[in-house]
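I'm opening my notebook on a new structure today. I'll jot down each thing I look up, along with what the terms mean.

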Amino acid sequence: MFLPHELIIQILLRLPVKSLIRFKCVCKLWCSLISHDPNFAKSHFQLTASKSNRRILYTQNSSHESQSIDFEASLDNVNASVSLNLDCIFPEYFTDEFEVKGSCRGFILFCGSLNIFLWNPSTGVHKQIPLSPFGSDLDAEYFYGFGYDDSTQDYLVVSMSHHEYDDPPLHLEYFSLKANTWKEVKGPHFPCTFLDEPKGGALHKGAIHWLAYRFDLSSDVIVAFDLTERKLSYMHLPRASGGNLLQCDGLWVYEEFLSVYTKDNNNDTVEIWVMKEYKVNSSWTMTLVLPVDLIVCPNKEFFPLCCTKSGDIIGTDEDDGLVKYDRNGKFLEQHSYYNYSLRCGVTMYVESLLSLPGDGDKEQV
């Protein structure tokens with residue numbers, strides 16, 4: 001049976017990444033199409049982004065091991081977890097401690113004190129980002145984010161730094177993958193320090209968001225870097241019933257909303273608030289209260305990470321595992337993966353065939 005080439009492409013575009021990686025060995029034409037055709041990769045991502053297999057990535061510094069988990073499946077399903085090795089990115093002599101600082105369009109951002117890397121776990125495509133020419137201040141703290149500017153089709157690695165003293169100045173710069181260069185964003189920028197490290201910023205509505213404390217307002221806020229306008233703005237946090245600002249413990253994206261969560265240690269619960277209308281402070285709404293089971297989470301710690309297509313919420317405990325609740329706050333399951341003392345990071349990513357712009361991209365076959 002003969003199938004036209006155009007029809008074959010339309011069929012392949014609707015297959016998951018895992019299948020396409022296997023099908024590269026069918027013939028040279030398929031291998032070239034899947035591995036090297038940027039238009040195919042882009043069309044595949046646009047067609048399947050909303051229903052692509054989303055996964056959680058655990059990483060370890062000491063062994064360069066990582067675990068990729070399909071969180072749509074049961075956490076106890078052994079077939080839902082795949083071991084990956086980071087030696088393709090980090091050479092044997094690499095000793096820099098790195099942390100996961102976010103993901104975008106299938107790529108994971110790793111940052112260390114001396115190195116920055118991007119890696120697509122699905123294809124092996126990876127790239128080392130050069131250090132900023134503006135200099136490195138050993139006395140400063142650095143905070144990172146990673147996102148995609150759809151207007152210019154460019155990936156940006158955002159770096160902000162400040163000093164640990166009162167009213168610190170904020171230095172803001174970003175690396176453009178398309179231009180292959182660092183650019184400073186001139187100030188003045190409002191003085192702040194960031195609160196939700198070591199996690200990177202939350203990507204939502206074309207901007208990267210962090211929890212921060214503004215010294216000039218004496219208040220916690222959400223700081224946002226717009227990837228198109230290349231500038232900072234801020235939003236207020238929700239207020240509790242008494243009128244006081246919530247003391248938020250983390251920031252994430254819950255379904256299609258920017259969301260924060262806060263722990264109530266008196267009641268052993270985690271409250272989840274969502275911003276129903278983006279950048280409208282009055283739209284903050286408490287959506288869910290999760291009971292923190294002392295047997296599952298003995299340290300009363302639960303950090304929401306992502307939600308499944310059915311609305312179940314998955315987060316990390318303070319030790320070594322993932323915990324899942326349903327959309328009504330009922331505990332469903334828990335599973336351990338790595339020892340917390342060895343784990344350097346955890347993030348959610350979407351499988352994709354995309355490559356990075358610029359020379360020097362590498363692919364692991």
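**Ser161.** I began with Ser161, which counts as buried because its relative accessibility is 6%. My note on the term: buried means under 20% relative accessible area, exposed over 50%, and partly exposed in between, using a 1.4 Å probe on protein chains only. Ser161 is found in strand S9, residues 154–163. I then looked along the chain to Tyr142, 19 residues apart from Ser161, and found their C-alpha atoms separated by 4.4 Å.

**Ground rules.** I have to remember that this is a predicted model, where local features need pLDDT of at least 70, side-chain atom pairs count only at pLDDT 80 or more, and totals for chains, interfaces and linings use all residues. Residues are numbered from 1 along each chain as its sequence is written, and side-chain values use heavy atoms, with hydrogens and water left out.

**The whole chain.** I looked up the overall make-up and got four helices and 25 strands in the protein chain. These are DSSP runs numbered from the N terminus: helices are H or I with at least four residues, strands are E with at least two. Of the 365 residues in the chain, 52% are buried. I also checked contacts, meaning heavy atoms within 4.5 Å. Among those with a separation of 6 or more, 48% join residues 24 or more positions apart.

**Helix H3.** Which residues of H3 (28–36) are buried? I found Leu33, Ile34 and Ser35. The buried residues of H3 pack against helices H1 (5–12), H2 (17–23) and H4 (38–48).

**Strands S17 and S18.** S17 covers residues 250–254, and four of its five residues are buried, so the rest of the structure largely encloses it. S17 pairs with S18 (residues 257–264) in the antiparallel sense over five bridges; two strands pair if DSSP finds at least two bridges between them. Leu251 stands opposite Val260 in S18. The hairpin of S17 and S18 has two residues between the strands, and Glu255 takes a positive phi near 55° there.

**Aromatic rings.** Rings of Phe, Tyr and Trp (its six-membered ring) pair if their centres lie within 6.5 Å; planes under 30 degrees apart are stacked, over 60 edge-to-face, and the rest tilted. By this rule I get 15 aromatic pairs. Trp252 and Tyr254 have ring centres 5.2 Å apart and planes at 20°, so they are stacked. Both Trp252 and Tyr254 are buried. I also noted one aromatic cluster formed by Phe107, Phe146, Tyr148 and Tyr155.

**Charges over rings.** A charge sits over a ring if NZ of Lys or CZ of Arg is within 6 Å of the ring centre and within 35 degrees of the ring normal. Arg105 has its charged end over the ring of Tyr148, 3.8 Å from the centre. For Arg214 the ring is that of Tyr234, at 4.4 Å from the centre.

**Lys101.** Is Lys101 buried or exposed? It is buried, since its relative accessible area is 4%. Lys101 lies in strand S4, residues 98–104. Its side chain makes a polar contact of 2.9 Å with the side chain of Glu99. For this, N or O atoms must be within 3.5 Å; within protein, one must be able to donate a hydrogen and the other to accept it, and residues adjacent in sequence count only if both atoms are side-chain atoms.
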